Amino acid sequence: MFKHKKDVFFSFLRSVKNLNLATKITLLRIIVIVPTIMLLSLATKFATFLACAFFVFAALSDLLDGYIARRYGQVTTLGKFLDPLADKLLICTILIELASLDWIPAWAVHLVVVRELAVTGLRAVAADHGVVLAADTYGKWKTTFQILAIIPLMLHYSYFGIPMHSIGIFLLYIALFFTVLSGFNYFYTFCKDTCNEEV
């Protein structure tokens, strides 16, 4: 049993070694979620600061792996799958943890998670009908404000008299507005492009 698990582990390491740099960075973004959540759950000022540092690193790595993939022709099917998955896992898991700490309302997390699941499912249906639902402007604003909201929400405590939590809540409501708006726009676009087809 132990030998089998050892073989599987080394086989996984070999597979990771064969990945291109852009995909490795994306995979690292997923791995970073674990220490981020663990630190955030401690809810101390120092731990939440470190957790926020991990989150900022992960958010910046999203820009880096995208640049590397386009600049050096490292766009792959696996990368296309992992990149949006990493983003959704990062955002949703942190929001869930923030709700479990009672730092944000649970309904806000439900709204974000339901929207992400609905749009992901819609994209699968759209692809089956030959319709590509590319990221729109509202979706990009949604992601931007989610990141901007999560940073002060994770910091939570006041720094130099600045109420981080209050700022985060304000930005979260803006993010929720774009979350709903972008979700609606995806469904509107899909219905418009398939209005004459049976779905």
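How many helices and how many strands are there in the protein chain? There are seven helices and zero strands. The model is a predicted one. Read along the sequence, the pattern is α-α-α-α-α-α-α.

Start with the chain as a whole. It has 199 residues, and buried residues make up 38% of them. The chain exposes about 11,800 Å². Carbon and sulfur atoms supply 71% of that area. Now take the contacts between residues at least 6 apart in sequence. Of these, 75% join residues at least 24 apart.

Next, look at a helix pair. Helix H2 spans residues 21–42, and helix H4 spans residues 77–100. Their axes come within 9 Å and cross at roughly 10°. Angles under 35 degrees count as roughly parallel, so H2 and H4 are roughly parallel to each other. Which residues make the contact? On the H2 side they include Thr23, Thr26, Ile30, Ile33, Ile37 and Leu40. Arg29 of H2 also takes part. On the H4 side, Leu78, Leu82, Ala86, Leu90 and Ile94 are among them. H4 also brings Asp83, Asp87 and Glu97 to this contact.

Move to the surface. Leu28, Ile31 and Phe57 form a nonpolar patch there. Together they have about 270 Å² of accessible area. Phe57 is found in helix H3, which covers residues 45–71. Is Phe57 buried, exposed or partly exposed? Its relative accessibility is 40%. Buried means under 20% and exposed means over 50%, so Phe57 counts as partly exposed.

Thr179 gives a contrasting case. This residue lies in helix H7, residues 164–193. Its relative accessibility is 0%, so Thr179 counts as buried. What does Thr179 touch, leaving out residues up to four places away in sequence? The partners are Leu111, Val112, Arg115, Lys142 and Gln146. Of these, Lys142 and Gln146 fall within the range of helix H6, 137–155.

Finally, turn to the loops. Most residues other than glycine have a negative phi. Two loop residues here have positive values. Ala43 lies in the loop between H2 and H3. Its phi is near 65°. Phe160 lies in the loop between H6 and H7. Phe160 has a positive phi of about 55°, although it is not a glycine. Where does the Phe160 residue stand, buried or exposed? Its relative accessible area is 84%, so Phe160 is exposed.

Methods. Residues are numbered from 1 along each chain as its sequence is written. This is a predicted model: local features need pLDDT of at least 70, side-chain atom pairs count only at pLDDT 80 or more; totals for chains, interfaces and linings use all residues. Side-chain values use heavy atoms; hydrogens and water are left out. Patches are made of residues with over 30% relative accessible area and no salt bridge: like charges are joined within 9 Å, nonpolar side chains (Val, Leu, Ile, Met, Phe, Trp, Tyr) within 5 Å. Accessible areas come from the Shrake-Rupley method with a 1.4 Å probe; for residues, only the protein chains shown count as cover. A salt bridge is a side-chain nitrogen of Lys or Arg within 4 Å of a carboxyl oxygen of Asp or Glu. Helices (H or I, at least four residues) and strands (E, at least two) are DSSP runs, numbered from the N terminus. Buried means under 20% relative accessible area, exposed over 50%, partly exposed in between (1.4 Å probe, protein chains only). Axes are lines fitted to C-alpha atoms, for helices over the stretch in contact, and angles run from 0 to 180 degrees between N-to-C directions. Angles under 35 degrees count as roughly parallel, over 145 as roughly antiparallel, 65 to 115 as roughly perpendicular and the rest as oblique. Contact means heavy atoms within 4.5 Å.
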